[in-house]
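Work through the exercises below with the sequence and the 3D structure open beside you. Try each task before reading its solution.

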Amino acid sequence: MDVRQKHINNIQKRLAYLKSRVEIAGSLNLTDIHIYAEDFYQTLFNHLGNSYKNGNAENQNCPYIDLIDETNKHAMQVTSRDDNKKITETIIGFFENSEHPEYKDYSLKVLLISKRAKDYSTDFTFHGKYKFNHKKDVIDIERLIAIIKDNGREKIIEISKFLDNEIYLPRPKTESNEVETIMSLLEYLSDDKNYKEFDGNYNCDPEQKINSRFKDYANDFNEEFTDLFTIYCNTIPEVKKAFGLDGVRAKKISYFLNYISNRYLKEANGNAFDALDKLTDYFEAKLSSNGIHADIGAIRYYLMDELIGCNIFSIKVE
C-alpha cells in the first residue's frame, strides 16, 4: 500500500467513525458533539484552503449558518438533518437575512455530518432567485472525502495527521478472548482514576512468598498455575508488548495491585487463596460493568503471574 492510499484509508475510517458518533448522539438528543463538530469541521475545511470562522462564536447574528469565510465568500450550515425543509429554511434564512445583505454574493454550503445527501428534486433556487446547486453545495461525508482525495499527497498526509489528533478510534477487539480480557484488565489498571498509591517499600522474593509465607497454599498455587501456564503462558508477554507498557505505567499497575490485593488479604484474615478468589471476582465485576465478557482463567493467570512477580500480596518493609 502506498503512502497516499494509507492516509486516505485513515481519513475514511476516522470521518466515518465521527459520522456514526454524531448519528448516535443525535438519536439520543445529545447535542454536545454537534457543537464540537462545528469547530472540528471549521478547522478541517481550513486545512483545505478556506478561512472559516465559527459564526456562532463570532456572534455575527447568522442564525442559519455556522461557519463564515469572508475571504473566499463562503458560508456553511453544519447540520445532521438531510431533509428538504431544513435545506430550504437554511437557503431562505441565509439569503434573506436583512442584517447581512453582503452575504447575497456568498456561496452557501450545507454540510451533512451524519446523513447521506439525497437525490433532491426540489428547486432550491426558487426559479433562479438564490444561488444554490444541491449537487455541489450539499456536502455529505462521502463527498467531503472525495474533495480531500482531489488534493496532493502532502495535503492528504496533513489532514490524516490532523484527524489522528482529533478523532480517537476505539481499540479494535483482538481475536483471542484471553488477550482481550487482559488488555481490558490492563486498561483498567492503567487508568489514572483507578490509581491508588500504596506507601512503603516491598520485598521481592517469590520463592519466599509462595513456599514460605503462603506455604499452606503452595501446592494449590503451584498446581493451578501449572495448569493455567499451558494455556496462557504466551498471552502475558503478547499483551504487554501490544499494550506498550512503559516504566511509569508498569509502576502504577504495581502500586494498584499491591493496594487492592493486600486489602483483600486482610479481609480474608491472611488466607491467600480466599483473597485471590475475591481479587478475581473484583476484576471480573469491573470488566463486566464495562460490557466485557471476562475470561476467568485469563484473569486468574494474570493475577498469579503478578503474584509471582511480587506485585500482589507484597510484604511491606517496616
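**Exercise 1. Count the aromatic pairs, then describe the pair F95 and Y130.**

Step 1. Rings of Phe, Tyr and Trp (its six-membered ring) pair if their centres lie within 6.5 Å; planes under 30 degrees apart count as stacked, over 60 as edge-to-face and the rest as tilted. By this rule there are 17 aromatic pairs.

Step 2. The ring centres of F95 and Y130 are 5.5 Å apart and the planes are at 15°, so this pair is stacked.

Step 3. Locate both residues, taking helices (H or I, at least four residues) and strands (E, at least two) as DSSP runs numbered from the N terminus. F95 is in helix α3 (residues 84-95) and Y130 is in the loop between β4 (107-112) and α4 (134-137), so the pair ties together parts 35 residues apart in sequence.

Step 4. Buried means under 20% relative accessible area, exposed over 50%, partly exposed in between (1.4 Å probe, protein chains only). F95 and Y130 are both buried.

A note on the model: it is predicted, so local features need pLDDT of at least 70 and side-chain atom pairs count only at pLDDT 80 or more, while totals for chains, interfaces and linings use all residues. Residues are numbered from 1 along each chain as its sequence is written, and side-chain values use heavy atoms, with hydrogens and water left out.

**Exercise 2. Classify the ring pair F221 and F273, and say where its two residues lie.**

Step 1. The centres of the F221 and F273 rings are 4.8 Å apart with planes at 25°, so the pair is stacked.

Step 2. F221 belongs to helix α9 (residues 218-232) and F273 to helix α12 (residues 272-289); the pair links distant parts of the chain, 52 residues apart.

Step 3. F221 and F273 are both buried.

**Exercise 3. Which residues do ring pairs link into a cluster?**

The cluster consists of F94, F95, Y103, Y106, F126 and Y130.

**Exercise 4. Describe the open sheet and the place of β4 in it.**

Step 1. Two strands pair if DSSP finds at least two bridges between them. The open sheet has five strands in the order β1-β2-β3-β4-β5, with mixed pairing.

Step 2. β1 (53-54) and β5 (138-139) are at the edges with a single partner strand each, so one side of each has no neighbour in the sheet.

Step 3. Strand β3 (residues 74-79) and β4 run parallel and are joined by six bridges. A75 has L108 in β4 as its bridge partner, and Q77 stands opposite V110 in β4.

Step 4. In a regular strand the side chains alternate between the two faces of the sheet. In β4, S107, K109 and L111 point one way, L108, V110 and L112 point the other way, and all are buried.

**Exercise 5. Is K86 buried or exposed, and which residues does K86 touch?**

Step 1. K86 lies in helix α3. Its relative accessible area is 18%, so K86 is buried.

Step 2. Contact means heavy atoms within 4.5 Å. Leaving out residues up to four places away in sequence, K86 touches Q77, T79 and R81.

**Exercise 6. What is the span of helix α6, and which of its residues are buried?**

Step 1. The expected span is 1.5 Å times one less than the number of residues. Helix α6 (residues 153-166) has 14 residues and reaches 20 Å from its first C-alpha to its last, close to the expected 20 Å.

Step 2. The buried residues of α6 include I156, I157, I159, S160, F162 and L163.
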